[in-house]
Amino acid sequence: MCTRFVYNGDDMITGFNFDIDLTVWKHKVIKEKERFYIGILRPDGTYHSYHGVHRNGNVGTLLYVHDNPAGIYQGNSDCITIADLTEQFIKAQISFDEVLQIVKSKKITYAQDATMQAMLSDRHGRVLIIEPGIGYAEEYKQYSLITNYSLMKPESTKAFIVPG
């Protein structure tokens, strides 16, 4: 199970663990001048930065979650995938405030072949939790935490909770 947290105390601390099925996903740790990330190899032959940190303080994490019909992929201009949104944030192509405007104005969907939700945060400790088809929550709390289950509609993933 993947987990992501943000702690806002005397210092802001953020972190995540990465738990994937290695028989399904090929990955590698990539360090660049401006960012550090776990690259996930996608069908386009690129290692995408879905879990990473940018030098400017942007941190993004995608966590796999059981799907809901409202989040299904739609390839039109009124929608953006959670994968594209998260990667653009980790690359610092868009800011926290820009992501917030996007989630208010566009439908956020799953990627074509994976169902994921995201936690994004910035250097100020602001947190944005995005669940495709369900919604988003902006937080600035002492603690923020997300796993592979829905926070906004927990009954939608309750049946999938497993011990351990």
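# Rings, strands and a buried arginine

Reader: Is tyrosine 143 buried or exposed?
Author: This is a predicted model, where local features need pLDDT of at least 70 and side-chain atom pairs count only at pLDDT 80 or more, while totals for chains, interfaces and linings use all residues. Residues are numbered from 1 along each chain as its sequence is written, and side-chain values use heavy atoms, leaving out hydrogens and water. Buried means under 20% relative accessible area, exposed over 50%, and partly exposed in between, with a 1.4 Å probe and protein chains only. Tyrosine 143 comes out at 57%, so the label is exposed.

Reader: How many aromatic pairs are there?
Author: Rings of Phe, Tyr and Trp (its six-membered ring) pair if their centres lie within 6.5 Å; planes under 30 degrees apart are stacked, over 60 edge-to-face, and the rest tilted. By that rule, the count is one.

Reader: What kind of pair do tyrosine 7 and tyrosine 143 make?
Author: Their ring centres sit 5.2 Å apart. The planes meet at 45°, so call this pair tilted.

Reader: How many residues apart in sequence are the parts that this pair ties together?
Author: Strands here are DSSP runs (E, at least two residues), numbered from the N terminus. Tyrosine 7 lies in strand β1 (residues 3-8) and tyrosine 143 in strand β12 (residues 143-146), so the parts tied together are apart in sequence by 136 residues.

Reader: Which residue in β9 is the bridge partner of leucine 62?
Author: Two strands pair if DSSP finds at least two bridges between them. Strand β6 (residues 59-64) pairs with β9 in the antiparallel sense, over six bridges. Leucine 62's partner in β9 is alanine 118.

Reader: How many of the six residues of strand β9 are buried?
Author: Met116, Ala118 and Leu120 point one way, while Gln117, Met119 and Ser121 point the other, and all are buried. Strand β9 (residues 116-121) is therefore largely enclosed by the rest of the structure, with a buried count of six.

Reader: Which residue's side chain makes a polar contact with the side chain of arginine 35?
Author: Arginine 35 lies in strand β4 (residues 35-41) and counts as buried at 12% relative accessibility. A polar contact is a pair of N or O atoms within 3.5 Å; within protein, one must be able to donate a hydrogen and the other to accept it, and residues adjacent in sequence count only if both atoms are side-chain atoms. At 2.6 Å, the partner is serine 49.

Terms used: Helix = DSSP H or I, 4+ residues; strand = E, 2+ residues; numbered from the N terminus.
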